[in-house]
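Here are some notes for a colleague who is coming to this structure without having seen it before. They follow the charged side chains and where they pair.

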Amino acid sequence: MPKILLVEDNELNRDMLSRRLERRGFTVVMAVDGGQGVQMALTEKPDLILMDMGLPVLDGWEATRQVRADPATAHVPIIALTAHAMSSDEQKAKEAGCDDFDTKPVELPRLLEKINALLSRSRTV
Amino acid sequence: MSLLRPKSIERKLRIMIVGTASAALVVVALILIASEFSSYRRELQESLGLQAALMGYKGEAPLELNLSDKAQEVIDSLRENSEIVAAEFYRTNGEPFVQYSRSGISADLPGRVLRGEELSPFEIVAGITNSEQQKVGTIYLRTDRSREERFLQRCVLVVLLTMAGAVVVAWLLSIWFQQIVTVPLQHLLATTRIVSDRKDYSVRAKAISGDEIGELVTGFNAMLEQIELRELDLKQHQEHLEEQVARRTQELQQANESLATAKVRADAANLAKSQFLANMSHELRTPLNAIIGYSEMLQEESDELGITAMKPDLQKIHGAGRHLLGLINDVLDLSKIEAGKMTLHLESVDVPTLVREVAQTVAPLIAKNENRLEVDCLEIPEGQRTDQTKLRQVLFNLLSNAAKFTHRGLIELQVRFQNGGGGPRLIFSVSDTGIGMSPEQLQKLFQPFSQAETDTARRFGGTGLGLALSRRFCELMGGSLTVTSELDRGSCFTATILANPEVSETGTLFLPKIRKADGELILVIDDDPAVPELLARSLEREGFQVIAASNGSQGIDLARRLQPKLITLDVMMPSLDGWSVLGTLKSDPVTAAIPVVMMTIVDNRPLGFSLGAADYLTKPINFLRLRETVNRHARPLVPHPVLVIDPNEESRGNLIQQLQTDGWQAVGVATAKEGLEYIESHTAGLILADLMTQETVGLEFVAAVRTHPRHGRTPIILMTETSLSGTDRERLNGAMTRVLEGPSTDPDRLLSEIRALLPPATNRPSFSEPDPHEGI
């Protein structure tokens, strides 16, 4: 089963998304801030990272940069989650190294589509 | 004559009185003297006659008896009488008998009788008769003449003395008499002097007598009273007027002050509101996410567990949450726009694809009211750059509105590409055959939170934010959103946006081909399309960029958004005339500083200037005058040079050249220290500093300039190659300081920043002054 690292500081969002993903068969590990996220990307070796952008300690953009900078984690696909559908946020996330982008509140079918697309791509790579 | 023309009426009266009295007195005196004289003469004759009779009596006997001794004795007795100076007895035959004379000369009476001489009043001749009445001789007597002379002298003396006394008395009396006339006159005169000298109409002359002068005084007083009343009336009127003016002025001042205060407060409150909304909607979204997410999860779980009874309620929670989220997003967008934080993100968009996608998204809504959608999207060049999220939102909003308010009707979406003045544009029009709107409803249409009717929300749903937001989005994209509608016939919304606009790194829109370095923007507001074309031909040769507005409201809108260097304004336009447009432009702080040149057939300069027009041109247009006028008002003359601080000699030179090309004066130095030295002795209009390779130097430099007495408010633009920390940015991003980040700075962006920072007042020719440091 694919392992997803969910980096999210809001407890409700974390609980909600993790439960919904687990119900669809994913293994979900969770980090509550950017620093922990970078750490767990290294230790947990997830297949994909869902990264909230407004994080404490280290924000999502910086965390993404660090994940990308480390050769051990550079290949892991990252989907950025932002609070509002601002195109500039999408642009910024992509510049920071994210593979895709989605807005909160999460529309699960759409997010699943994006997750599956990235997972199948990394499998073929 | 001078005596008869004396100065005062007083003297005239005195002379008249004294003169009259003296004349009367002279006549009386002459009559008296004459009468006295004649009685004196009579007495003299009588006295002589008596003397002669006496002598005749005494001399009768000696004459008859011819006794000459005796006769001599008689006649000699006259010596004792001092008055008789000569006496003589004559015989009847006329021979002298005896004689007496003090002078010793004979009277020679017979000789004189023979010669026919008459006797003088001092002489007498009388016959002497005896007792038988026979004539015995004649006597001659003569008296002294000097006695009469003495009498006359005495008379004259008395008359003269009397006259002198009378004149004195008359003079004294005249003093008293003349007062009767002159005192009231002098009083009247004094009163008139007071009136004429002091303009005091409250004094009154006293009517001392009831005669003509009294009447004159009464009349004069009546006249004064009339004048005084009128004066008082006038004064009151004047005071009232002044009072009124003062009161009005004060009221106006108070109103202005309170307006200014209210405006500042309102602006501050508006900004606070926008910030609050932005923060609030962000905070609101987090719990909302949970509501939406958990309700969705519960739906999924109830599906899996086969509990269908709960599902409709869960769907309602989910739907309400989504709706609330939509509202919050709209409010956030709106507040971002109002706070000036909404930016554009441009990307290459295939417009037909985007339109198709929107049509698909909106299809369920179209179908709901059994409507039909026709899309006409032809000949749109590929690779248009625009903000597709916002464009999508606008189109979705317009189409969903059309679907909402139309039943079993036709909805058309027409997309056109137009390459006209002001750059290429995309025009999207959405028309429907729905319920339409009345003019009153149209007026409120684009205001946030207002729907056409208060019950619209209840009947059709929606927040009333969609159109307001769509319009703001269109404006943000350099265009507009307009509407035409007819009640019960349908509506047509037209969204115009700039295609391929230029956007700064921060997402602020640059309007293409308008803010070019060498093309100051001239806005031509004229309903005649030939006019902007003619003007453009003439002005573009001068390096101006001309854009046109075909009516007043479009002109006002463009002036606000494009901030042209100058506006030419036609007076005679349908619907909104030039004067109203001028008034609106001048009363809006955003456009008030833009010079407006009135263009008209009707020359009404005073009205134009009183409304704030910068200049006046009459039609038909004299192109020489046009170019001269436009150049004068639109070409900025910067009073002080732009100071460029850049350690790199090459980039410094480039910057200076760019600035000069754009019409600014510029001077360059290499270090912050030199920069501070420069502003110590010169005045810089703006400072452009590339010091961020040494970050602290830049920050210190800004602080030093801010404490300088002359440069406390001089705009500073800092260019930096690295990103600043939040606190540094906060310190720098105060008033009149801009920070441009990034390794290379777009010259257009730089010039735009400079234009934005230099206050419009310094661009006015009237503020320009020769700069002695030019070319340093």
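1. To begin with, is A:Arg19 buried, partly exposed or exposed? The model is a predicted one, and in it A:Arg19 has a relative accessible area of 36%, which makes this residue partly exposed.

2. The side chain of A:Arg19 takes part in a salt bridge with B:Glu301, in which the closest N and O atoms lie 3.7 Å apart. This contact runs from one chain to another, since A:Arg19 belongs to helix H1 (residues 11-23) of chain A, while B:Glu301 belongs to helix H5 (residues 212-305) of chain B.

3. A:Arg20 pairs with B:Glu296 in a salt bridge, for which the N to O distance is 2.4 Å. Here too the pair crosses between chains, from helix H1 of chain A, which holds A:Arg20, to helix H5 of chain B, which holds B:Glu296. A:Arg20 has a relative accessibility of 2% and therefore counts as buried, and B:Glu296, at a relative accessible area of 12%, is buried too.

4. A further salt bridge joins two residues of chain B, namely B:Arg489 and B:Glu486, with 3.9 Å from N to O. Because its relative accessible area of 58% is over 50%, B:Arg489 is exposed, whereas B:Glu486, at 48% relative accessibility, counts as partly exposed.

How values were computed. Residues numbered from 1 in each chain as written. Chains lettered and ligands numbered in written order. Predicted model: local features only at pLDDT ≥ 70, side-chain atom pairs only at ≥ 80, totals over all residues. Heavy atoms only, no water. Salt bridge = Lys/Arg side-chain N within 4 Å of Asp/Glu carboxyl O. Helix = DSSP H or I, 4+ residues; strand = E, 2+ residues; numbered from the N terminus. Buried < 20%, exposed > 50% of the residue type's maximum accessible area, 1.4 Å probe, protein only.
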